[in-house]
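Biologist: Please take me through this structure, and for each term you use, tell me what stands behind it.

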Amino acid sequence: MTAIHVESGKQFSQNNLVRFPMASSYKIPIAIQLLTRVDSGKYTLDQLVEVTKADLHPGSGMISERFNWPHSVTPGVALSVRSLLELMLLISDNSATDICLRLAGGPSAVNACMKRLGVNGLNVDRPTSYLIADWLGVAMDPRQPWSTSRFDSIAKTLTEENMKVSSNVFDSDGRDTSTPEAMSSLLMKLYTQPILKSETKTLLLDVMRRCETGLTRLKGVLPPNTEVMHKTGTIGMTANDVGIMTLPGDAGHVVISVFTKSSEKPLPERERAIAEVARA
């Protein structure tokens with residue numbers, strides 16, 4: 001974990017240079033690169049993006065639940081860039097995330113953005129569809145178009161032992177990982193530097209403030225009504241929460257990244273540990 005007091009620059013960290021799977025917290029760098037393209041005029045926030053059946057990916061989300069009918073997506077379904085961004089960050093919608101990643105220019109564009117910003121130790125490498133497939137041990141060829149039916153048919157054949165082995169390999173994979181130091185550095189730049197235009201920065205921080213996942217993590221045991229702009233990540237033995245906390249009594253703000261991995265403790269225990277770190 002890495003915590004930085006914004007106003008004074010004082011820092012506390014532990015295992016701050018260890019690589020951890022970001023899971024869904026990697027949606028923050030994706031959002032920043034996408035909004036960079038909005039700032040440049042490549043897209044507008046109100047621009048509509050068609051959603052097709054090929055865009056419906058496994059994992060959390062409303063889009064697949066609402067539109068993954070047995071036949072096909074209702075013709076004419078389209079969502080704005082703003083809506084896709086909100087679905088990605090508010091409820092961690094994976095289908096919205098993979099569309100946002102495509103609009104952002106793909107993993108290489110996100111990583112180039114991180115390099116421009118001077119954020120070292122954070123990389124985005126796969127859409128959520130392939131990330132989940134690799135975690136489960138479902139062999140999907142990234143050179144081929146995504147096939148949900150193929151994913152589902154292979155996933156049904158996996159044993160618990162298969163998935164445990166794949167999960168252990170996933171936790172040691174360097175792809176889609178970050179050090180706590182790198183993620184906190186990115187959040188610090190977002191909050192204190194003009195890396196985005198005022199409108200898009202305000203939008204991103206507002207959506208993070210309204211994040212609906214992980215309410216028992218960073219926010220879990222903080223004083224009531226403490227403002228936390230954050231994004232969680234959860235997959236297998238990984239549970240994370242990263243964000244910006246407003247301290248009580250005009251004491252300033254803390255940028256904080258708390259990552260866990262390779263823990264077989266029940267999720268509520270891992271979430272409680274994150275909450276206790278935030279309170280400390």
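**Strands, helices and cores**

Modeller: Eight bridges join β7 to β8, and the two strands run antiparallel. The model is a predicted one, in which local features need pLDDT of at least 70 and side-chain atom pairs count only at pLDDT 80 or more, while totals for chains, interfaces and linings use all residues. Residues are numbered from 1 along each chain as its sequence is written, and side-chain values use heavy atoms, with hydrogens and water left out.

Biologist: What makes β8 and β9 a pair?

Modeller: Two strands pair if DSSP finds at least two bridges between them, and β8 (residues 238-246) and β9 (residues 253-258) share six bridges in the antiparallel sense, so they count as paired. The strands themselves are DSSP runs of E with at least two residues, and helices are runs of H or I with at least four, both numbered from the N terminus.

Biologist: Which strands stand at the edges of the sheet?

Modeller: The open sheet has five strands in the order β2-β1-β9-β8-β7, paired in the antiparallel sense. Its edges are β2 (11-13) and β7 (228-235), each of which has a single partner strand, so one side of each is without a neighbour in the sheet. From one strand to the next, the twist averages 5°.

Biologist: Why is β8 called mostly covered?

Modeller: Eight of the nine residues of β8 are buried, a word that stands for under 20% relative accessible area, with exposed meaning over 50% and partly exposed the range in between (1.4 Å probe, protein chains only).

Biologist: How do you know whether Ala23 is buried or exposed?

Modeller: The relative accessibility of Ala23 is 7%, under the limit of 20%, so Ala23 counts as buried. Ala23 lies in the loop between β3 (20-21) and α1 (27-39), and has a positive phi of about 50° although it is not a glycine. Ser92, in the loop between α3 (81-90) and α4 (94-103), also has a positive phi, near 60°, and with a relative accessible area of 6% Ser92 is buried.

Biologist: Why are α9 and α10 called oblique to each other?

Modeller: Helix α9 (residues 180-192) and helix α10 (residues 198-209) pack at an angle of about 125°, with their axes 10 Å apart. Angles under 35 degrees count as roughly parallel, over 145 as roughly antiparallel, 65 to 115 as roughly perpendicular and the rest as oblique, and α9 and α10 are therefore oblique. Their contact, meaning heavy atoms within 4.5 Å, involves Leu187, Leu190, Tyr191 and Thr192 of α9 and Lys201, Leu204, Leu205 and Met208 of α10.

Biologist: Which residues have the most contacts inside the largest nonpolar core?

Modeller: They are Leu84, Leu186 and Leu204, in a core of 72 residues; such a core is a set of buried Ala, Val, Leu, Ile, Met, Phe, Trp, Tyr and Cys residues joined through side-chain atoms within 4.5 Å. Leaving aside residues up to four places away in sequence, Leu84 touches Val49, Ile63, Leu79, Ala96, Ile99, Cys100 and Leu103. A second, separate core has eleven residues, including Met1, Ala3, Val254 and Ile256.

Definitions and conventions. Axes fitted to C-alpha atoms, helices over the stretch in contact; angles between N-to-C directions.
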